[in-house]
Amino acid sequence: LTAQRFVANPFGGPGERMYRTGDLAKWRPGGVLDFLGRTDDQVKVRGFRIEPGEVEAALLAHPSVAQAAVTVREDHPGDRRLVGHLVPTAAHPGVVDTAALRAHLGAMLPEYMVPSALVVMDALPLTVNGKLDRRALPAPDHRPTDRGRGPATAQEEVLCTVFAEILGLPAVGVNDNFFELGGHSLLAVRLTNRMRTDLGVEVAMRALFEAPTVAGLAQRLTDSGAARPALVARARPEEVPVSFAQQRLWFLGELDGPSATYNIPVALRLTGDLDVEALRVALGDVVGRHEVLRTVFDADEGRPYQRILPPPPSFDLPVVEVEQEALAGAVAGLAGHAFDLSAELPLRAWLLRVGPGECVLVMVVHHIAGDAWSMGPLARDVSVAYAARAAGRAPDWEPLEVQYADYTLWQRELLGEETDPDSLLNEQLGHWRKALDGVPQELVLPFDRPRPAVASHRGGQVEIHVPAEVHSQVVELARAQGVTVFMVLQAALAVLLSRMGAGDDIPVGTPVAGRGDEALDNLVGFFVNTLVLRTDLSDDPSFTGLLEQVRENGLAAFAHQDVPFERLVEDLAPARSLARHPLFQVMLTLQNHTQVALDLPGLHTEPLPTGEPPAKFDLFFSLSETFHAHTHTDTGSGNRPAGLHGGVDYALDLFDRATVETLAERFLRVLDTVTREPHRRVSAVDVLSAQERHRVVSEWNDTVQDVPVTTLPELFQARVAQHPAAVAVVFDGVEVTYAELDTRANRLARLLIRRGIGPEDIVGLAVPRSVDLVVGLLAVLKSGAGYLPIDPEYPAERIAFMVADAAPSLTLTATEVAGRVATGPALVLDDPAVVAELGTLPAGVPGDEERTGPLLPQHPAYLIYTSGSTGRPKGVVMSCGALVNLISWHASAVPAEAGSRVAQFTAISFDVSAQEILSALLDGKTLVIPDEEVRRDPGEFVTWLREQRATELYAPHLMLDALGEAVAEQGTDLPSLRHVSQAGEALVLSDRVRDLCGAAGTVLHNHYGPSETHVVTAHSLPADREAWPRAAAPIGRPVWNTQVYVLDAALRPVPVGVAGELYVSGAQLARGYHARPGLTAQRFVANPFTAGGRMYRTGDLARWNSEGQLEYLGRTDDQVKVR
């Protein structure tokens, strides 16, 4: 919050801050400020953003309203409502027709902006200062006002009761308005659901808005259709169609072939005297009872249909002897049985004999014939049949009213045809088209591996145990907010996934039983449907506010649950992929169906694990509630929450077990936080533990190193003193020693000083690749000024802009390029007059006494232009101190050795050239410079590198790739090359790069850093090429005295493995952008982790890996990097 409100001051000195008030104001011509209001008057009700001023304007537009004020009240926790307070005009003293006014508002505003209550007042309350006293505005009176007749019909009587229960009122009259009593759209959903249950009618939401009283709505009931056709046994066509859900599984089976992905396995240890034959016959009885368990699937011209087989004369129950130590593997193997749906019954069973009096029954149902809810009826029927057969008789159960085939026919009748605009299918599809418009195709999660092209469905599972205390908090919050426990879990999961990098739009799947008729209660079959629940966290609501949205969206989803998920996917036509689940990749369920429990006479049963579950989704959170029975002193009974238990199934294609274990821990942390502090903004919910936060903020940023308090010229002089005769620069066959280079640079620096150049000045450097280029660069630094590199190959327009914007005090150039450089003060280095003048100057080192002022670390070393997102290049001013830190780190990372020769590949206009040149000359190495033609031709450049015995090379990935190809084509290597450093773009470890670095002892370094910081992280790949990653290399850890943070939009650290924006702080920061204070303030922001510090917002996406290395993921904007 401090970083958000106390921001960098673009108009003050370095490190100064300014406070962002949130107030709107304007200057008067005389220099006086006018206060205009607040920027944050916007409110949010039930997930909708509302400007109260817009509602007030609509109220004032009515002729009966003189004054108006609109507020949001929360008289009951979690129930935020819009209230309009108004004063009538003189023409309507004390009287306002609220019905007419509500109709007026309804014509001007969307429904969610119409106040739930209108309060008529004689005058609006004011403070002593004459301002509106919002705290004194009275609460609306929601008591019923009807004093007329009572309910005249049974329907009106039922509606009065339902209105009162939904609104939480003791009674409601027939003429009381639902919305004036405090109703809103969410309560309207609940009301229509209750009417469907209690009155057996379907009432459209529109009817309630058009007739919001009991009397008016009762009249509309005559126009309402019956709830839905009853499910009864019916005549079968020759080919019974499959259900929509079965159709999808049949298609996947045809696509993938037989697999265990959609198996429902159950394993039970049976201890006691088992009658194997009775069990075998009982299983046959159950198959005979449920047609779906003896159904195979044929196809006619690509259209699947059900072929129901007669009850089998016997059921195949193999008995297998298994050793105890081999039991788990045997169970898992059978649970993975691959069904042939065209020929094989979708129920298989095996009996594993472990020892005397001990067996394990393994049953596997294919999902096409059952679901989790079916396991209860299946277990009951097996128990009844076994008890009967063990007693020597047939089971005497009640016959089933309907079979699954009847359901498939009824389902199609219920939904109707898509060609019928009034069909239930069309109506509900319309809802889902809007609800899922623009839904993300894929949630970005902290994957450990890239998603494969085709999912293997291999899965793992991590357990979750929510303590009883947190479970109690969940139950209490759900009760207080009028939501279900599931809704609390869903909202908490959305918060977690959002904080884990999934964004602000979180779709999650959840199963619903799909048993909308009592006739289905005891039937085995595939009835379950899947709903997509979408949660929007973009406006950073409080958790209670998020629960409002989740409740409203959830009720709307459940009200439109008849559309099969498969039909929804077909209609929405998302980008189909064999790698991920459509529409959502994370599933959440709160199990409330009957667990499988066989009641077999004379036997004790105990469930056993069936092995790792297949991964149908990226993540599948499955939880169940447990309770402690206890006695209330007032009621004498009750249950106390004892905890939530379950697990997270995960895709092994994407996640390591440790990652999901951490995810589960964070889910518990989020759930505990939001239920203890439900009014906290979701952005403030911390998913990091204190230890994790310390690791990513401090431990991995512990880069403190002593660096000499000196200047760049002084570092160069130290090298000259140590090795005056050593070769400093080689170009075009000419070698220049350190002493010779120093003499030439000193004379030119002294000439610059005599021209008035010194600290804080900028000198243009427009010299072709040559020794003179290096002399000019050193001379500018020795004078105390900073250099502006001007590439003569740049377009004239770009050069003109740079010169005009930077306004260099002088430009160093050469005759061959002087005509291409924009006009201005210039010094042509090869001009005979200049050469003669230089020869007369002293060769000694210029000091502060000669300069226009003392040279300090904060003075500019260079001004380099980089691309701007608006198309206007921006000049980055880098200080001498930052380069001293960089070169000191570099000398430790790539130390000088005997014969070290650095290839000066990079164009002078790119910041990497400063690292190339200065790391060589300030560490006693030799700088070898290729000419422009050689530099641009990879083949010639490889030859040149070999001839020059270059030991160090700096180049972007694309050039390394091209050089690697040239090495392979020439059938040679570069035996002298010891260090290859890449920067400027993501390093992809292609085969060509591996070829280039193939010589023994060659080390590949990956450097990262935008122009605004130069190099800030580095990673050296291991000597063992087999240990290199196959794709991109990490960008490593921060360099000396530098800190890097991976943050979310609110500048909070994100967890390891989660993508966030990369921020840089510390010694490597540039001073800012030349003559662009506004842009500097935008990009160089206050550091919330260091008092008074700054950090640079890179615009790059990155994440920490588990080893504390940064991985570059791309850009947050449209800017790109090219070489």
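## Strand pairings and nonpolar cores

In strand S15, Pro 241 has Tyr 305 as its bridge partner. Welcome to this predicted model, where local features need pLDDT of at least 70, side-chain atom pairs count only at pLDDT 80 or more, and totals for chains, interfaces and linings use all residues. Residues are numbered from 1 along each chain as its sequence is written, and side-chain values use heavy atoms, with hydrogens and water left out. Helices (H or I, at least four residues) and strands (E, at least two) are DSSP runs, numbered from the N terminus. Two strands pair if DSSP finds at least two bridges between them.

**Around strand S15**

- Strand S12 (residues 240-241) pairs with S15 (residues 303-308) in the antiparallel sense, over two bridges.
- Strand S14 (residues 295-300) is also antiparallel to S15, and six bridges link this pair.

**Around strand S45**

- Eight of the eleven residues of S45 (residues 1094-1104) are buried, so this strand is largely enclosed by the rest of the structure; buried means under 20% relative accessible area, with exposed over 50% and partly exposed in between (1.4 Å probe, protein chains only).
- Strand S42 (residues 1060-1066) runs antiparallel to S45 and is joined to it by five bridges, with Gly 1060 having Ala 1102 as its bridge partner in S45.
- Strand S44 (residues 1084-1086) pairs with S45 in the antiparallel sense over three bridges, and Val 1085 stands opposite Met 1095 in S45.
- Strand S46 (residues 1110-1115) pairs with S45 in the antiparallel sense over five bridges, and Arg 1103 stands opposite Glu 1111 in S46.
- Five residues lie between S45 and S46 in their hairpin, where Gly 1108 in the turn has a positive phi of about 80°.

**Nonpolar cores**

- A nonpolar core is a set of buried Ala, Val, Leu, Ile, Met, Phe, Trp, Tyr and Cys residues joined through side-chain atoms within 4.5 Å.
- The largest nonpolar core has 173 residues, and those that touch the most other members include Phe 543, Leu 619 and Phe 667.
- Helix H15 (residues 485-502) gives the most to this core, with 14 residues.
- Another core, of 69 residues, lies apart from it and has Leu 231, Leu 270, Ala 369 and Met 375 among its members.
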